[in-house]
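Please keep the sequence and the 3D view open as you go.

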Amino acid sequence: MEKKVVITGMGIWSCLGKTLDEVRDSLYTGKSGIIFSQERKEAGFRSALCTRVERPDLKPFLARNLRQFLPEEAQYAYIATRSALENARLDQDYLDTHEVGILYGNDSTAESTMRALDKFREFKDTSACGSGAIFQSMNSTITMNLACLFKLRGINLTASGACASSSHAIGLAYLLIRDGLQDCVICGGAQEANMYSVASFDGLQAFSIREDEPEKACRPFDRDRDGLIPGGGGATVILESYESAIKRGAPILGEIVGWGFSGNGDHISTPNVAGPARSLESCLKNGGIDTHQIGYINAHATSTRAGDGREAQAIARIFGDYKVPVTSTKSQTGHEMWMAGASELIYSMLMMKNDFIAGNLNFENPDEETACLNIVPETREAHFEMFLSNSFGFGGTNSTLIVKNI
């Protein structure tokens with residue numbers, strides 16, 4: 001018998017805030033986290049646009065010998081997870097006596113790897129890399145660190161699927177709990193915000209160069225969009241079986257009711273329409289959900305010409321004449337990459353629980369591909385009981401989640 005999978009905790013560390021309340025208020029007021037970075041411009045970036053993400057101070061929580069194993073993205077993940085566990089009322093005694101797992105999205109650890117190898121090349125001595133280097137440089141750095149720090153004894157696995165990584169992590173956790181293999185899984189995603197992590201991405205000329213107006217640069221679905229803006233941070237959600245949540249008197253925030261996924265089987269960086277459409281279709285089918293039950297779509301839309309247009313066409317293909325409200329919170333946060341699936345689920349949850357839809361900033365005019373959607377340009381008071389969230393990535397990996405209010 002399939003089990004009901006619920007969300008019992010959320011924690012986030014983003015350019016919109018360090019707490020759920022701060023992030024909710026930023027979403028509602030249309031605050032942008034996007035800035036111009038003089039450091040990046042002087043370093044040779046084509047685009048100096050990024051988001052401001054403050055580094056957390058972990059000294060009150062972790063000794064130095066433990067902090068040395070955590071690269072930037074793992075620091076964000078750790079602080080977000082602490083908040084999510086507190087939000088879910090999960091303490092260390094519970095983690096010590098139950099089989100709690102971790103599934104986290106991460107697809108690179110650039111700066112820590114670069115710095116360790118630079119020391120090796122400078123001193124021609126491998127010991128110069130430092131004793132924490134290997135643990136910082138692996139893609140699984142977040143799950144290995146958090147599993148050890150929180151003494152987790154369940155599933156311990158990293159989902160590495162480009163910008164769909166954390167959405168896939170949540171979907172996999174959903175399946176494990178639904179099928180009775182786990183009762184509780186910590187899941188989410190994190191992205192380092194340093195310039196080294198996206199230098200090669202900037203080299204693809206994929207970033208917006210609207211540097212004179214940083215807050216107006218990210219323009220998902222808008223006719224005049226000219227590229228994405230890189231972001232970062234960490235986002236954690238606690239998934240749990242309904243029975244487990246009820247048994248321990250946990251807060252129940254929402255229910256995961258569907259996960260869909262697909263591969264484009266096409267170009268490595270240019271998306272198509274068919275792949276995303278199949279992800280949407282399979283998510284609705286797997287959850288037994290009719291399109292008219294969806295009250296809001298948090299689109300993947302990153303503010304690129306091809307990506308936004310193909311996603312718009314995919315949504316229109318599946319939803320037909322039903323003009324569901326659509327926005328991309330990336331208009332405020334930039335593209336949080338490996339973190340995006342988890343953070344955008346949290347952003348959508350905050351909207352659903354507080355009866356509003358955050359506006360798609362800088363949407364002024366549609367183009368011939370995006371005109372088919374009901375894009376909400378400014379914050380709107382709205383009640384909805386179910387939302388859908390898309391996450392797509394390089395290589396044509398697609399993931400779609402549907403969450404119901406409880």
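Is Asp355 buried, partly exposed or exposed? With a relative accessible area of 33%, Asp355 is partly exposed, where buried means under 20% relative accessible area, exposed over 50%, and partly exposed in between (1.4 Å probe, protein chains only).

A word on the source: this is a predicted model, in which local features need pLDDT of at least 70 and side-chain atom pairs count only at pLDDT 80 or more, while totals for chains, interfaces and linings use all residues. Residues are numbered from 1 along each chain as its sequence is written, and side-chain values use heavy atoms, with hydrogens and water left out.

**Helix H15 and what follows**

- Helices (H or I, at least four residues) and strands (E, at least two) are DSSP runs, numbered from the N terminus.
- The end C-alpha atoms of H15 are 21 Å apart, which agrees with the 21 Å that its 15 residues should span at 1.5 Å a residue; the expected span is 1.5 Å times one less than the number of residues.
- H15 is largely enclosed by the rest of the structure, because 13 of its 15 residues are buried.
- Although Asp355 is not a glycine, it has a positive phi of about 60°.

**Where H9 meets H15**

- Helix H9 (residues 165-178) and helix H15 (residues 340-354) have axes that come within 5 Å and cross at roughly 75°; axes are lines fitted to C-alpha atoms, for helices over the stretch in contact, and angles run from 0 to 180 degrees between N-to-C directions.
- H9 and H15 are therefore roughly perpendicular to each other, a term for angles of 65 to 115 degrees (under 35 is roughly parallel, over 145 roughly antiparallel, the rest oblique).
- On the H9 side the contact (heavy atoms within 4.5 Å) is made by Ser166, Ser167 and Ile170, and on the H15 side by Ala340, Gly341, Ala342 and Leu345.
- Sorted by class, this contact of H9 with H15 has 4 nonpolar, 3 polar and no charged residues; Ala, Val, Leu, Ile, Met, Phe, Trp, Tyr, Cys and Pro count as nonpolar, Asp, Glu, Lys and Arg as charged, and the others, Gly among them, as polar.

- Helix H6 (residues 110-123) has 14 residues and reaches 20 Å from its first C-alpha to its last, close to the 20 Å expected at 1.5 Å a residue.
- Glu111, Ser112 and Ala116 of H6 are buried.
- These residues are on the same side of H6, because they cover an arc of only 130° around the axis, taken from the directions from the helix axis to the C-beta atoms.
- Helix H4 (72-87) and helix H7 (133-137) are among what covers the buried residues of H6.
- Lys124 lies in the loop between H6 and H7 and counts as exposed, at 73% relative accessibility.
- Phi of Lys124 is near 50°, a positive value in a residue other than glycine.

**Two buried serines**

- Ser32 sits in the loop between helix H1 (20-29) and strand S2 (34-36) and counts as buried at 13% relative accessibility.
- Ser32 and Gln332 are 4.4 Å apart in space, C-alpha to C-alpha, yet 300 residues apart in sequence.
- Leaving aside its neighbours within four places in sequence, Ser32 is in contact with Glu215, Gln332 and Leu361.
- Ser389, in strand S14 (residues 386-393), is buried, with a relative accessible area of 3%.
- Beyond its neighbours within four places in sequence, Ser389 has contacts that include Asn298, Glu344 and Leu345.
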